[in-house]
Amino acid sequence: MSAATNSNESYCTFTLASDVTAGGLPSEEEIAKQLESNDPKIKRHALKAAIMAMLGGEAMPRILMQVIRFCINSDDKPLKKLCMLYWEVVPKYQEPTSEELLRAASGGGSVPRKLLPEMILVCNALMNDLNHPNEYVRGSMLRFLCTVKDEEILGPLIPAIKGCLQHRHQYVRKNAVLAVFHAHRLHAETLIPDGPELVEAFINAETDVGARRNAFLMLYHESEELAIQYLAKSLDDVSKFGDGFALLVLDLTRKACRRDPNQKSRFVRVLFQMLGSESAAVSYEAAWTLISLSNSPTAVRAAAVTYTNLLNSQNDNNVMMIVLERLEQLQKKHSKILQELLQDILRALSSPNPDICKKVLDVAMTLVTSKNVAEVVTTLKREVSKTTQESSDSSEDKGKVYRNMLISAIHGCAVRFPDVAESVVHTLMDFLSSDGGMQVIIFVRAIVERYPNLRPAILSKLITTVDEVTNNHVMCICLWILGEYCETSDTVKDAFDVISQQLGSAPFIVQADEKQAQEQAAAEAAKGPKLVTKNIVLADGTYATQTIYSEPKITASDLDKSPHLRKMIVEGDIFLGTIIASCVTKMCLRASDVGVDAVSVKSMTVKALLTMCGIVKMAEVTVSAQKSSLADCAERVSLCCRALLDPKATALLKDTLLSEGKVSFASFLKNVQDRDSGVDSKEESKEEIITAQADDLIHFRQLRSLTAQGGDLDLDDGSDLARATGYADGGSLLSNELSHVYQLSGFADPVYAEAFVTVHDYDILLEILVINRTPNTLANLTVELSTMGDMKIVERPQSQTIGPLDQMTIRASIKVSSTETGHIFGTIVYEDATTQEKGYINLNDIHMDIMDYIRPATCTDEVFRSMWAEFEWENKVAISTSINGLIEFLQHIVTSTNMTCLTPHEGNEKGSFLVANLYTKIVLGEYQVEEG
């Protein structure tokens, strides 16, 4: 099939029904003959073929008697299991006659069901297996009976099922309880009306963990009062009854307290016992249930301690993330209690996953107060130090991102609590030369402006460490800080001397002979190969010695021992040269005002002028990526020279150069602080909104959005379900579901079908709603699905029987291996139970686009730049649009592509030029960046 060539064409699919006898399956006669064989293997093969043929829609009426005659009394265990599967799919009732159908159609009631005479023999065989001396045969038969729904078949077997409750083996007893539960749930009044009392006597005498759990399961669903009575008598022994029993107790607790809140006191004791369970699932559920039932400080503290213990004892990242979500919810109402456990929460920073560490820091930063800020900062400083000590093998993926997180957290603590700023700023300045230097210098720049009393110490530290900076952008901010905030004679002279020493004398151009000598030295150093010998482990587990000859790549810049600042200028960083010119100009203008003698001022001015001339000459000669900035650099340097040489220009420009920069930066910090405080106040106001009043109507969970839930923590698990299926915000769950619903068939078709598609990581879950629009029962209805692209169906829908005008939901699971575009298509095949006619409906395709896998995400500017540098391509796209405003067009792009705008902007900004960084993350673990 060729691909569609225009917008009016689409893919067309159709299904060909295959003949059972024409493929790999034998015919009905062959199966009947094979079942007469004495070889169990041949019988198993024939019975498998019969089951598959019947699942495909073939009736095969002759096979039933053959199975009864030759297979039903066999002692072969696999054959017995196949017989049970055969009993599930075989028709058990006689087909109605035409007179009965006409009578029912004319209003004479429903069509009566008559059991096949052969099923009497089947019931007799089932009875024999229930009384079999082998406990495996008994237990397997009891498990099979849990799938039988026919009252005529279950009725004669009830005495034997009750007798199995007293069997000596626990495997038989625990399956017998499930069989009693199944029969009582379907036919309580007619078959086993005394089921709850029977199971109550059984559970009081039972010692097996699995059988006791199954018995309590029946009491929980069929007689809740008996379950509560048994729980009250066994409170001291609940911890010994196993994890399955404990989870049932928690379900019973939530169900009973939702119906009658006055019963909370009856369950608090057992909940406290379960908090110390060795099972992580039990302790987690117990903590969540306890918080739902009680807001007392004792209960909340016990639950919070359980959460923190789980956080530090579990290695599964999903478990840790779920626990952190619970702690974040708990913090909104009980922050004072969680503040006591802040250090225990911070212990989770040892996780190797950066996402876990980010979530831990987000939760911890909301709990920092003036009382514990010193301990938190000490812990964060210790973690920052660890990032430089850990080996690159174990933390290469985490180190840089984790260090930036820690520095941002320390920055936040210093801004909120000025007392700790002095203790952290000197520690962080040791990392100016690391890959997290940009975060550090931004933090230092804010601290210098906000806390004038810390400036002398910070400037002194910065002057001594500026020679270690290797990043051009970090160096620019360092020089700006020195030029703006050096306001004493000593700091001005020291900073100017350090900059002059690092720059050296002009010119800042590599001469031809020097460049040739450096390249020759690098070539000679790279000639000799390096011999590396190490021990390795081979595929068969043995050890071997491996020798590697490596030739390191040595460049001329590696052999250059010049200071870092001079290297940056010589390599052609024009923007940095402009910053240097502005910095030394400010120092020269300020030197006379702070008490520097005239001779020193004159010497500084001469050096500054020579430096600026060398910078302009470098910009003119050097070929670099910043060549386009030559005119701006020349204009800026000329202005600085005039400010130093012309007294009139000095009088006009001095105040602007020395004060306007600090004023603008202070205004920027104030705007940032006001914006952050505005966001916090909006979040607080949202939390304070009352969601339900005393006289509000009662909302049913199935008919409402999750934002309508009342109370602090609802007992419903809707929020957990929303997160588990890939939704970040449960409040818009209904609207999100509607946007992912695909109509598969037409309204006029006998069967209407629509699918709700959920994409979660590497899985696609299809929830197909099937509605029978006919007045007849449809048997063997199957949704047959196929895929195109990198998709694989791992869970196919099973055949179902749908009553007249009834509906049901059928689920299918699909595995995805890439984000390429794919198609899901299929057919609904069914059989009309009244007319015995077979029909099929071709379904519409489900188109899986790349947009279905994209989720908005955020990252820091440093991480964005590092990822952007990995791409070797750049596209420029001309766009024709009717949108006039740049901000409006940016919002349109962000909404259409499911991306996040990382560049802060205001909605009322005006202009004709806009640059924005957009970022998104694909659910398969990949990321996508875009700069425009």
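Predicted model: local features only at pLDDT ≥ 70, side-chain atom pairs only at ≥ 80, totals over all residues.

Mentor: Let us begin with contacts: leaving aside residues up to four places away in sequence, Glu224 touches Leu219, Leu252, Lys255, Ala256 and Arg259.

Trainee: What makes these residues contacts of Glu224?

Mentor: Contact means heavy atoms within 4.5 Å. Leu219, Leu252, Lys255, Ala256 and Arg259 count as touching Glu224 by that rule. Glu224 itself belongs to helix α13, residues 224-233.

Trainee: Why is Glu224 called buried?

Mentor: Its relative accessible area is 14%, and buried means under 20%. The value falls under the cut-off, so Glu224 is buried.

Trainee: Which residues of helix α24 are buried?

Mentor: In α24, residues 421-428, they are Ala421, Val424, Val425 and Leu428.

Trainee: How do you know that the buried residues of α24 line one face of the helix?

Mentor: Look down the axis of α24: its buried residues fall within an arc of 105°, so they line one face.

Trainee: What makes strand β4 mostly covered?

Mentor: Eight of the 10 residues in β4, residues 751-760, are buried.

Trainee: How do you know that β4 pairs with β3 and with β5?

Mentor: Pairing needs at least two bridges. Three bridges join β3 (residues 741-743) to β4, and 10 bridges join β4 to β5 (residues 763-772). Both counts meet the cut-off, so β4 pairs with β3 and with β5. β3 and β4 run antiparallel, and β4 and β5 run antiparallel too. To find them on screen, look for Gln743 opposite Glu754 in β4, and for Val757 with its bridge partner Leu766 in β5.

Note on methods. Residues numbered from 1 in each chain as written. Heavy atoms only, no water. Buried < 20%, exposed > 50% of the residue type's maximum accessible area, 1.4 Å probe, protein only. Helix = DSSP H or I, 4+ residues; strand = E, 2+ residues; numbered from the N terminus. Arc of directions from axis to C-beta.
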